[in-house]
Structures are given as C-alpha cells and as structure tokens.
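Here's a quick briefing to read with the model open beside you.

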Amino acid sequence: MELQDLKNDWINNYPKPLIIAGPCSAESETQMLETARRIKESGADVPVFRAGIWKPRTKPNGFEGVGVIGLNWLKKVKEEYGFKTATEVANANHVFAALEADVDILWIGARSTVNPFTVQEIAVALRGTEKTVLVKNPVNPDLALWIGAMERLLGQGITNIGAIHRGFSSYQKTKYRNIPNWQIAIDFKNQFPNIPMIVDPSHICGNRTGLASVAQEALNVGYHGAMIETHCTPDEAWSDAAQQITPEILAELIANLQTRNADD
Ligand code: PEP
Ligand code: MN
C-alpha cells in the first residue's frame with residue numbers, strides 16, 4: 001500500500017467540519033470535566049476532545065504536562081460526555097500508556113515530526129494499530145519531512161492517518177505565531193487527496209482573534225475540520241493562554257463556519 005492510497009473512513013465520512021476541541025494541556029480533573037461539560041452543553045458538534053498530557057515546552061522549568069494521571073481524566077471525559085479523546089505522543093512510552101488507556105486518537109506534535117528518529121520510535125510503538133494517528137506538520141516548512149513521517153507510520157502498518165496543519169515557524173515578526181504558508185499544505189492535499197487535513201488555527205494564530213478566519217480559509221480549500229484549543233477559563237491556562245477560547249465562544253465560532261469548499 002502507498003501513502004497515496006490511504007484514506008481515513010471515520011474522518012472522511014464525518015460531516016464537515018470535524019471539530020477537535022479541548023485544552024492545550026490537561027491541568028486537573030475539574031478543568032477537564034468542566035471544559036468537556038460546557039462544550040457538550042453548548043450544543044456544538046464536537047466529536048473529539050483533545051488535551052496534552054505530555055507537553056513539549058520550548059524552554060525548561062515550565063509546566064511540562066501532568067503525565068499519565070491525565071489519561072484517567074481523558075477516560076472520564078469519554079465516559080461522562082461521549083467524546084472520542086485525543087492526545088499527543090512524543091515517545092514510545094507515551095504511546096504504550098495512551099494505547100493502554102484507550103485514547104482514541106494519537107497525534108504527533110510539530111517538534112516530533114521534525115525528528116525522524118522520534119517518528120520512527122513512535123511508529124514502531126504504534127505498529128499495526130487501527131487507531132487514527134494525526135501528524136502535525138514539522139515546525140519548519142519542509143513538506144518532505146511531513147510526508148516522510150507518514151511514510152514511517154505506514155511502514156509499520158498504520159493506515160488510519162490524518163494531517164494537521166499548525167503553521168510553520170519563522171523568525172519574521174508577523175501577525176501569526178506560526179505562518180500558515182498555505183501552499184505547503186495545499187501541495188500536501190493535492191498529492192494525498194484522501195488523507196484528511198485538519199487545520200489548527202490556535203497554533204497558527206497564537207491569539208483568539210484570528211481563529212475564525214484561519215479556520216474558514218482552511219475549509220474553503222477543502223480541509224476536513226479544525227483542532228481548536230478550548231479551555232473553561234482560558235486566561236488562567238497553564239500553557240497557550242493567549243490563544244484558547246471558552247466553550248461558548250467555540251460554539252459561536254463553529255456556528256459561523258461555512259462548510260462550502262473546493263470539493264463540493
Ligand atoms: C499542542 O497541540 O498543544 C502543541 C504542542 O502543538 P504543536 O505540536 O503544533 O506545537
Ligand atoms: Mn497548545
């Protein structure tokens with residue numbers, strides 16, 4: 001099987017836009033359950049709840065995630081509110097723990113996609129899983145590295161793959177935290193039309209104001225959905241506070257998205 005042949009039935013068949021929402025980081029059971037409850041109560045169609053348990057921080061001595069205890073909270077979110085759950089894995093131990101805790105969707109973060117050794121280790125640990133694995137673009141604008149990460153997964157028999165476009169690092173000062181560089185993601189989409197693309201406006205924007213327009217732009221070019229960081233009290237978040245939104249604002253954002261797109 002080639003990467004070109006891959007599709008992801010669950011994502012591809014889900015009505016657009018498929019929204020993945022939840023906090024940047026799991027902080028406490030209360031924070032997780034309150035965020036999940038308010039997303040549910042908002043009535044928005046959000047099938048997947050995300051939360052980082054192991055956090056790749058740029059500098060040391062900051063909050064680096066709650067670790068495995070957060071997996072129990074994800075489990076509760078699933079049991080109490082019916083979400084599928086998603087978390088980032090960055091080494092083999094993370095993979096084993098997340099699989100053991102029956103997390104539904106695992107994603108490889110931008111700082112891991114950039115490193116072929118790390119991707120290979122994760123791929124081997126995931127060998128043969130039927131779970132969906134989402135691959136964020138590498139930090140730097142390198143399409144081959146992004147594709148190579150997916151080839152490593154496929155090489156270990158992982159076929160439920162999706163791509164997350166979270167923008168690219170740049171030393172230029174721009175309105176974005178990570179510049180979208182749409183062309184790279186569109187080139188990816190053209191090469192692999194059946195691998196679903198999810199946009200991550202939160203990490204592209206780094207603020208709250210640009211989220212809706214980045215999400216809309218992605219839908220307009222045929223992306224399947226968006227991963228949007230959502231927190232019960234965003235200003236108090238332990239990571240990425242500036243870009244997180246409340247569940248109620250998320251619901252409003254989703255309600256305003258137009259799902260017409262290049263494929264329709
Ligand atoms: C995240 O999703 O919280 C995260 C760390 O993202 P990225 O790998 O895109 O920086
Ligand atoms: Mn984040």
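A residue counts as near a molecule when its C-beta atom, placed from the backbone, lies within 6 Å of it. On that basis, the residues around ligand 1 are Cys24, Gly52, Pro56, Gly109, Ala110, Arg111, Lys136, Arg166 and His203. Keep in mind that this is a predicted model.

**Around the ligand**

- By class, the shell around ligand 1 splits into three nonpolar, three polar and three charged residues.
- Lys136, one of the residues around ligand 1, also turns up among the residues that Thr113 touches.

**Helix H4 and what sits over it**

- Which residues of helix H4 (residues 92-100) are buried? They are His94, Val95 and Ala98.
- These residues lie on the same side of H4, because they cover an arc of only 100° around the axis.
- The cover over the buried residues of H4 includes helix H3 (69-81), strand S3 (84-88), strand S4 (105-108) and helix H6 (116-126).
- Just past the end of H4, Asp102 takes a positive phi of about 60°.
- Val89 belongs to the loop between S3 and H4, and it counts as buried because it has 25 C-beta neighbours inside 10 Å.
- Setting aside residues up to four places away in sequence, Val89 touches His94, Val95, Ala98, Leu106, Ile108 and Ile122.
- Val89 and Lys55 sit 34 residues apart in sequence, with their C-alpha atoms 9.3 Å apart in space.

**H2 against H11**

- Two packed helices are described by the angle between their axes and the distance between the axes.
- For helix H2 (residues 29-42) and helix H11 (residues 247-256), the angle is about 35° and the axes are 8 Å apart.
- The crossing of H2 past H11 is right-handed.
- On the H2 side, the contact uses Thr35, Arg38, Ile39 and Ser42, while H11 brings in Pro247, Glu248, Leu250 and Ala251.
- Sorted by class, that contact has four nonpolar, two polar and two charged residues.

**Some buried positions**

- Thr113 has its place in helix H5 (residues 110-113). Buried or exposed? Thr113 counts as buried, because it has 28 C-beta neighbours inside 10 Å.
- Not counting residues up to four places away in sequence, Thr113 touches Ile108, Val119, Val135, Lys136, Asn137, Pro138, Leu145, Trp146 and Ala149.
- Leu153 is part of helix H7 (residues 143-155), and it is buried because 25 C-beta neighbours lie inside 10 Å.
- Beyond its neighbours within four places in sequence, Leu153 is in contact with Ala123, Val133, Ile158 and Ile161.
- From Leu153 to Val135, 18 residues apart along the chain, the C-alpha separation is 9.6 Å.
- Gly162 is in strand S6. It is buried because 24 other C-beta atoms lie within 10 Å.
- Leaving out residues up to four places away in sequence, Gly162 touches Asn8, Ile11, Thr132, Leu134, Ile195, Pro196 and Ile198.
- Gly162 and Trp107 are 55 residues apart in sequence, and 9.0 Å separates their C-alpha atoms.

- Where's the cis peptide bond that has omega of about -5°? It joins Lys16 and Pro17, and Pro17 is in the loop between helix H1 (9-13) and strand S1 (18-22).
- Asn61 isn't a glycine, yet it has a positive phi of about 75°. You'll find Asn61 in the loop between strand S2 (48-50) and H3.
- Asn61 counts as exposed, because it has 6 C-beta neighbours inside 10 Å.
- Asn181, also other than glycine, has a positive phi near 45°. It's in the loop between strand S6 (161-165) and helix H8 (182-191).
- Why does Asn181 count as partly exposed? It has 18 other C-beta atoms within 10 Å, whereas being buried takes 20 or more and being exposed takes 12 or fewer.

Methods: Residues numbered from 1 in each chain as written. Chains lettered and ligands numbered in written order. Predicted model: local features only at pLDDT ≥ 70, side-chain atom pairs only at ≥ 80, totals over all residues. Nonpolar A, V, L, I, M, F, W, Y, C, P; charged D, E, K, R; others polar. Helix = DSSP H or I, 4+ residues; strand = E, 2+ residues; numbered from the N terminus. Arc of directions from axis to C-beta. Contact = placed C-beta atoms within 7 Å. Axes fitted to C-alpha atoms, helices over the stretch in contact; angles between N-to-C directions. Left-handed = near helix turned anticlockwise from the far one by under 90°.
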